[in-house]
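Please examine the sequence and the model before reading the solutions.

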Amino acid sequence: MQATSCAGPLAGLQAAIADAGLSATPIEMVETELENRPGTGAVLFRKLADAGIPVCVIDEPDEAIAIGALAAHLAAVQPDVVHNHMYRAELIGTKAVLALAATGHARPYVVSTVHSSRVRSAADREQMRFLTPHMDRLIAVSEAIVAKIADEGREGAPVELIYNGVDLERFAPGEAAAACRELGLDPSVPTVGLFSFLYPEKGFRQFLRAAAQNRHAGLEAQYLVVGSGVRPSSFFRTVRGRLLRGLGLTADYEHEAYELARRLRIDDVVRFI
C-alpha cells in the first residue's frame with residue numbers, strides 16, 4: 001500500500017513519520033522552499049530523506065494553484081491513502097483528491113488527523129463541514145477534539161479517537177520534587193504549565209490572565225511557561241511569514257509575555273523557560 005501524507009509547516013506529522021521510519025511515500029506539504037527552512041524543519045526533512053522517504057515541497061499560498069499542484073502529484077504517484085494533517089492540509093488535500101477523481105483517476109482513501117484546539121473562523125468551519133463528507137475517516141487525538149469536531153458540525157465521516165503517542169524511554173517520568181527544584185519551582189505548591197510557542201493563537205495571554213485571576217481569588221499556584229516567541233528572520237521568507245508581515249503581526253511575543261506577567265503582578269509566580 002502506498003500512502004501520501006499532507007502536512008502544514010513544521011507540523012508534528014513530520015516528526016511522527018521520521019520516528020516511525022515508514023516505508024510509504026509521503027508528501028510533506030509545507031509553505032517554504034526546502035533550502036530556506038531553518039532549524040527543526042530542515043532536520044526533519046533530512047531525517048525523512050535519510051529514511052528513504054521522498055519529500056515534495058509545495059510552496060504556494062494560492063489555494064487553487066496548490067490544489068492543482070497536489071492533484072498533479074497525486075496523479076503521478078497514485079497513492080492508495082491520502083493522510084491530511086492540520087487545517088490547510090485537510091483543505092488542500094481533500095480538494096486535490098476530489099479534483100483527481102474528477103479527472104478519472106482512482107480516488108484514494110482520505111484520512112484526516114485533527115489535533116488543533118484553535119477556534120477557526122466561521123468561513124473555515126463551513127469549509128470543513130462541506131469537505132468532511134468527502135473524507136473517509138477522521139482521527140482525533142483527545143476526547144476534547146472529538147467534542148470539538150461535533151461542535152463544529154463536521155458530519156459525514158466516522159471519528160476515531162487515537163491518543164498522541166509518547167516515547168516512554170525518552171520521556172519517562174522522574175522524581176517530581178527533584179524536577180521542580182531543577183526548574184526553580186516549589187514542590188509543595190501546585191504547578192500549572194503551558195507548553196507551546198508564545199504566539200497569540202496558542203493562548204499565552206489568556207493563560208497569564210487566568211493566572212492573575214487565580215491569584216486575586218486567593219488560589220495558591222505557580223506557573224511554568226515552556227516555549228519561545230521569537231521567529232527567525234528566515235521565517236518571514238515563508239508563505240505564512242509573508243502573510244503575517246503583511247497583516248502587521250510580527251511582534252516579539254516572548255517579550256510581550258514577560259511584560260504582561262509583570263503588569264499583571266504575577267511575575268513572581270510565573271517561570272519562563
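Val-114 is buried, at 9% relative accessibility; here buried means under 20% relative accessible area, exposed over 50% and partly exposed in between, with a 1.4 Å probe and protein chains only. The model is predicted, so local features need pLDDT of at least 70 and side-chain atom pairs count only at pLDDT 80 or more, while totals for chains, interfaces and linings use all residues. Residues are numbered from 1 along each chain as its sequence is written, and side-chain values use heavy atoms, with hydrogens and water left out.

**Exercise 1. Determine where Val-114 is found and which residues it touches.**

Step 1. Val-114 belongs to strand β3, residues 109-114. Helices (H or I, at least four residues) and strands (E, at least two) are DSSP runs, numbered from the N terminus.

Step 2. Leaving aside residues up to four places away in sequence, Val-114 touches Glu-90, Ile-139, Ala-140, Val-141, Ile-145, Ile-149 and Arg-154. Contact means heavy atoms within 4.5 Å.

Step 3. Between the C-alpha atoms of Val-114 and Ser-142 there are 9.3 Å, although the two residues are 28 positions apart along the chain.

**Exercise 2. Describe the chain as a whole: how many helices and strands are there?**

Step 1. The chain has ten helices and eight strands.

Step 2. Of its 273 residues, 39% are buried.

Step 3. Among contacts with a separation of 6 or more, 66% join residues 24 or more positions apart.

**Exercise 3. Describe how helix α4 packs against α3 and against α5.**

Step 1. Two packed helices are described by the angle between their axes and the distance between the axes. Axes are lines fitted to C-alpha atoms, for helices over the stretch in contact, and angles run from 0 to 180 degrees between N-to-C directions.

Step 2. Helix α3 (residues 63-77) and helix α4 (residues 87-102) have axes that come within 8 Å and cross at roughly 60 degrees. The two helices are therefore oblique to each other; angles under 35 degrees count as roughly parallel, over 145 as roughly antiparallel, 65 to 115 as roughly perpendicular and the rest as oblique.

Step 3. The crossing of α3 and α4 is right-handed. A crossing is left-handed if the near helix is turned anticlockwise from the far one by less than a right angle, and right-handed if clockwise. Residues making this contact include Ala-66, Leu-70 and Leu-74 of α3 and Leu-91, Ala-96 and Leu-100 of α4.

Step 4. For α4 and helix α5 (residues 122-131), the axes come within 11 Å and cross at roughly 40 degrees. This pair is also oblique, but its crossing is left-handed.

Step 5. On the α4 side, Tyr-87, Glu-90, Leu-91, Thr-94, Lys-95 and Leu-98 meet Asp-124, Gln-127, Met-128 and Leu-131 of α5.

**Exercise 4. Find the aromatic pairs; how many does a search of the whole structure give?**

Step 1. The search gives three aromatic pairs. Rings of Phe, Tyr and Trp (its six-membered ring) pair if their centres lie within 6.5 Å; planes under 30 degrees apart count as stacked, over 60 as edge-to-face and the rest as tilted.

Step 2. One of the pairs is Phe-207 with Tyr-223, edge-to-face at 5.9 Å centre to centre, with 85 degrees between the planes. Phe-207 lies in helix α8 (residues 204-216) and Tyr-223 in strand β7 (residues 222-226), 16 residues apart. Phe-207 is buried at 14%, and Tyr-223 is buried at 4%.

Step 3. Tyr-258 and Phe-272 also form an edge-to-face pair, at 4.6 Å centre to centre and 80 degrees between the planes. Tyr-258 is in helix α10 (residues 253-263) and Phe-272 in strand β8 (residues 270-272), so the pair ties together parts 14 residues apart in sequence. Tyr-258 is partly exposed at 37%, whereas Phe-272 is buried at 19%.
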